Amino acid sequence: MLEATAPLLDVKGLHAWYGESHILHGMDFHVRPGEVVTLLGRNGAGKSTTLKSIMGIIGKRRGSVMFEGHETIQLPSDRIARLGVAFCPEERGIFASLDVKENLLLPPAIRPGGMPVERIFDLFPNLKERLTSQGTKLSGGEQQMLAIARILRTGARFLMLDEPTEGLAPVIIQQIGRTISRLKAEGFTILLVEQNFRFAADLADRFYVVEHGQVIDTFASGELEANMQKLHHYLGV
Amino acid sequence: MQALYGQLLVGLINGSFYALLSLGLAVIFGMLEIINFAHGALYMIGAFTAYFLLQYGGLNYWWALLLAPLIVGAFGMLLERTLLRRLKGLDPLYGLLLTFGLALVIQGVFQNYFGSAGMPYAIPDQLRGGVNLGFMYLPIYRGWVVIVSLVVCIATWYLIERTRLGAYLRAATENPTLVRAFGINVPLTITLTYGLGVGLAALAGVLSAPINQVGPLMGADLIIVVFAVVVIGGMGSIMGSVITGFALGVIEGLTKYFYPEASNTVVFVLMVLVLLVKPTGLTGRAN
């Protein structure tokens, strides 16, 4: 049934460059509304670059990135954001010169229906207690929560999360996992980049394996067991 | 004692101009990472705009106070869009050279038409005269300049440190790419920020017109001291630049009373001392 719905995000033949170095060599994949899709792959395979290219914050890109039927490959990143694409970067991007509340309220609402701040505090009670702290004084886990929390307010329904569990303690990773499941249950569409395969395995509907800037394989979550051998080989674990 | 209070007042007034100008420089530097050497020339254009509005438009001081910052701010935004924007990603030295060149061109054009001598600009009727404070005589216009400068500096500080718009500015100073990826038009924000900094310089120019005459080199003389103020206060700190501006004006005034020979150099001596002890300035952060 899912196959029948048009993709929310449709990436075709995406190439991207950092200065002179050619990172993405024709990425092809799609994400349907309500799905959680994970990009897997070794370090340097081009997963983060893929998210940045969709967001429009990479030096040079070519190919096609369709979002809700709009071609975005030529658009600047602020226009892409206003179409409803929200990005949580790998380095989290919490602002040192802003307190927690200002960080949380920074991204402007781009359409109605964003999550009310009260609901956000439901999901991340820690943040409520630290509203007046400087953003970068939070622990790594709290910064990650803040980085996710602030993009839930804007009304964007498509979230790109770049390694949300990186460097975090297991108990925090579990909390972030529960949050992502709740977001999925509420109908958010999520494109996840994750090194932590076991974390991703519990959450994602589908997986794409990325190598040398291309998609080399894809599985649905049901096909995971059968393909374990291949995956271990791809990821080098 | 009369003379001491007199010099203190002169110091406060000079401090008002230092504060307004170094505040604008700090705002611009924070966002554009450009040391705006054209700031003195833009201050001068502000004073000339007041003069033109009166001579050719029949618009008095109060109109000038409102219109000159808008007109010169718009001119600044034009400069940002057409010239400064092209320096993005280049060594900051290019920004310094470009704005310094702009200052020379602007001053040269004005000198060509108006010579080097200043032209008088009358104090508006409502602000003429003075009041006797008991311990000294205070010309009303000078008190007005200090108050306007204080109010504008505090309002600008509030705008940047306490409002949502200010949060955009601070965030975009740190990580413009990410702020843009949240849907904020950062290039427009940069243009408006430059316009704001330039508008503050023009406002200082209008305030200064009735005190110092309106002349093409009025900015060139002042801006050297203002850069010393900025170095002492620390580039990029809003409150730091305001406080340092007023403080150095007062210190200069006191020096005029106690040791007049040093009054022109005291700011630079302080600058050297601060640089020796704390190279990032009093409130600056190492970066």
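Q: How is a relative accessible area read, and is A:E102 buried or exposed?

A: A:E102 counts as buried because its relative accessible area is 17%, where buried means under 20%, exposed over 50%, and partly exposed in between (1.4 Å probe, protein chains only). The structure is a predicted model, in which local features need pLDDT of at least 70 and side-chain atom pairs count only at pLDDT 80 or more, while totals for chains, interfaces and linings use all residues. Residues are numbered from 1 along each chain as its sequence is written, chains are lettered from A and ligands numbered from 1 in the order in which they are written, and side-chain values use heavy atoms, leaving out hydrogens and water.

Q: With which residue does A:E102 form a salt bridge?

A: Side chains of opposite charge can pair when their charged atoms come close. A salt bridge here is a side-chain nitrogen of Lys or Arg within 4 Å of a carboxyl oxygen of Asp or Glu. A:E102 forms such a bridge with B:R170, and the closest N and O atoms are 2.8 Å apart. This pair crosses between chains, running from A:E102 in helix α3 of chain A to B:R170 in helix α6 (residues 164-174) of chain B. Helices (H or I, at least four residues) and strands (E, at least two) are DSSP runs numbered from the N terminus. B:R170 is buried as well, because its relative accessible area is 9%.

Q: What lies between chain B and chain A, and how much area do they bury?

A: The size of an interface is often given as the accessible area lost when the parts come together. Here chain B and chain A bury about 1700 Å² between them, of which 60% is on carbon and sulfur atoms; this is the accessible area (1.4 Å probe) that the two parts lose on being put together, summed over both. In terms of contact, which asks for heavy atoms within 4.5 Å, 17 residues of chain B touch 23 residues of chain A. Two salt bridges are found across this interface, and one of them joins the side chains of A:D78 and B:R180 at 3.0 Å, N to O. Across the interface there are also seven residue pairs in polar contact, both residues being at pLDDT 80 or more. A polar contact is a pair of N or O atoms within 3.5 Å; within protein, one must be able to donate a hydrogen and the other to accept it, and residues adjacent in sequence count only if both atoms are side-chain atoms.

Q: Which elements of chain B give two or more residues to the side that touches chain A?

A: They are α6 and α7 (176-181) of chain B, and the largest share, six residues, comes from α6(B). B:L165 also lies in helix α6 of chain B, and B:L165 is partly exposed because its relative accessibility is 48%.

Q: Which residues does A:N103 touch?

A: Leaving aside neighbours within four places in sequence, A:N103 is in contact with A:I94, A:F95, A:L98, A:G135, A:L146 and A:R150. A:N103 sits in helix α3 (residues 100-105) of chain A, and A:N103 counts as buried because its relative accessibility is 0%.

Q: Where do A:R119 and A:E186 lie in chain A?

A: A:R119 and A:E186 form a salt bridge whose closest N and O atoms are 2.9 Å apart. The pair links distant parts of the chain, with A:R119 in helix α4 (residues 117-123) and A:E186 in the loop between α7 (170-185) and β8 (189-193), 67 residues apart. Both ends are partly exposed, since A:R119 has a relative accessible area of 26% and A:E186 one of 32%. Elsewhere, salt bridges that share partners join A:R32, A:E35 and A:R206 into one network.

Q: How far apart are the C-alpha atoms of A:E211 and A:R42?

A: They are separated by 7.2 Å, although the two residues are 169 residues apart along the chain. A:E211 lies in strand β9 (residues 206-211) of chain A, and the residue is partly exposed because its relative accessibility is 27%.
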